[in-house]
There are 2 protein chains.
Amino acid sequence: MTKATRQFGKLFLVPAPLDFGCDEDIDLQQVMPMGTLSAAASITHWICENAKTTRAYLKRIDACTPLKASIQSQIITELPRQVHKKGDHLGGFDAKPMLTSVLEGEDMGLVSEAGMPAVADPGSSVVRAAHELGIQVVPLVGPVSLLLALACSGLNGQNFAFVGYLPQEPQDRARRIKELEQHALKSGQTQLFIETPYRNAALWSSLVQSLQPGSRLAFSCGLTLTSAVNQSCTAQQWRDLPSGKMPEGLNNQTPAVFAIGA
Amino acid sequence: MTKATRQFGKLFLVPAPLDFGCDEDIDLQQVMPMGTLSAAASITHWICENAKTTRAYLKRIDACTPLKASIQSQIITELPRQVHKKGDHLGGFDAKPMLTSVLEGEDMGLVSEAGMPAVADPGSSVVRAAHELGIQVVPLVGPVSLLLALACSGLNGQNFAFVGYLPQEPQDRARRIKELEQHALKSGQTQLFIETPYRNAALWSSLVQSLQPGSRLAFSCGLTLTSAVNQSCTAQQWRDLPSGKMPEGLNNQTPAVFAIGA
């Protein structure tokens, strides 16, 4: 907890739009405040998951508000693969060396592939390192799929948890769903989770089969896209859909967020 | 789960800036996407916690992008007091009658005093009612203090919970802090909570005294304000501050979010 000196740069947490890997390109200004875009346009040093997609994002920012430095001249450093795979919240990775430029006075941006860095995505090791070095951390406003999904779920937003991914193995997944449902019903805490899009159908079918009739199940698919769909009702109402039918708008290509609650 | 017909309006979830009750007025365009501001400017029917502050917010929106209808002519309905006091996630309040205009084809906006409606604030009863009536719910992007606080905490953002307010009574509060800490250490789930600003100092002192030396404690105060401060370190490091000293930037006037984790 060294006190930040005026000579240090800042670490900006730069949100990204939610159209990564989707067919549709969102108009950046529809989902990103000008404050965020101009802060991002003035940054020349980046930490990211993937340099190529970060360059593509910078190109889109440049079309809204000119970048301070050309994309070619930006210094873009990728988080190591171990961080992508295992996450970086367990303390095994020391990100301090990645922040040398900030100690030398440069502002740096931490960006993820979609949404807010360090939320449902790697990056917390970099933020922790910044705090340890006494670097000021500035989170910028942008889309966060989890919170948009929670707001439109109609479920309890005054007590909620995000638990990441559920197990892939069917029996383990069903067991975990029942566990989360029990916790939601007992404590009133809404339980949010995500899945790799190509497993959305498998997860959905397991949810509809495993939940008690009166429990509420909501999904949001393609948040902020023009094709965005969200729905919320009881497991019994979902079961009443024609057998095996996925709800309209939920598919195996588009990122979705799921929520269960009382 | 009636299917929405083309004649229905939509329910927009309209975020508000985080400067409510603060000395500083944030420039709306710094924290709100143009997409959100123009959607809000075209809405003429509102559900809110407080009609007066909603009108003040509409005036600020009008300065960025002209409102479709004058503020005087907007139909603004307040959520009943019982919903403010007890929350509305328990199902005791039927918000369907509030959505009559939407069934008649008008778009409506649900707005809270700060941040995202129905997240750490009332509104979920209205969203639930919309789903029951087959009304399309459209969450708009804007600032959400909880997620900004989580991102800049450096704590685990891949598994986290927001648990609302802690008890006010000192012994109950200390017990609850230890309970949340145990859960965070055991499960790796970051625990976020808030407090009424004038109790920030009391909560802080209880946190610093109750937590184990190695547990991490973070706070964010005045998120998105120019005076915003966030810090994150271990309870022991906080204890090493001169006795009784609050960390710089944390005070009893400005809304804060707290987080504990491993």
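How many bridges join S6(A) to strand S6 (residues 160-165) of chain B, and do they run parallel or antiparallel? This is a predicted model, where local features need pLDDT of at least 70, side-chain atom pairs count only at pLDDT 80 or more, and totals for chains, interfaces and linings use all residues. Residues are numbered from 1 along each chain as its sequence is written, while chains are lettered from A and ligands numbered from 1 in the order in which they are written.

**View 1. Strand S6 of chain A meets strand S6 of chain B.** Three bridges join the two strands, which run antiparallel (strands pair if DSSP finds at least two bridges between them; strands are DSSP E runs of at least two residues, and helices are H or I runs of at least four, numbered from the N terminus). Look for A:Phe162, whose bridge partner in S6(B) is B:Phe160.

**View 2. Chain A touches chain B.** Here 49 residues of chain A are in contact with 49 residues of chain B (C-beta atoms, placed from the backbone, within 7 Å). With five residues, S6(A) gives the most to chain A's side.

**View 3. Strand S4 of chain B has neighbours.** S4(B) (residues 108-111) has both faces covered: B:Met108 and B:Leu110 on one side, B:Gly109 and B:Val111 on the other, are all buried (20 or more other C-beta atoms within 10 Å of a residue's own, with C-beta atoms placed from the backbone). Strand S1 (residues 10-14) of chain B runs parallel to S4(B), joined by four bridges, and B:Phe12 has B:Gly109 as its bridge partner. Strand S2 (residues 45-48) of chain B also pairs with S4(B) in the parallel sense, over three bridges; there, B:Ile47 partners B:Leu110.

Methods
A residue is buried if 20 or more other C-beta atoms lie within 10 Å of its own, exposed if 12 or fewer, and partly exposed in between; C-beta atoms are placed from the backbone. Two residues are in contact if their C-beta atoms, placed from the backbone, lie within 7 Å.
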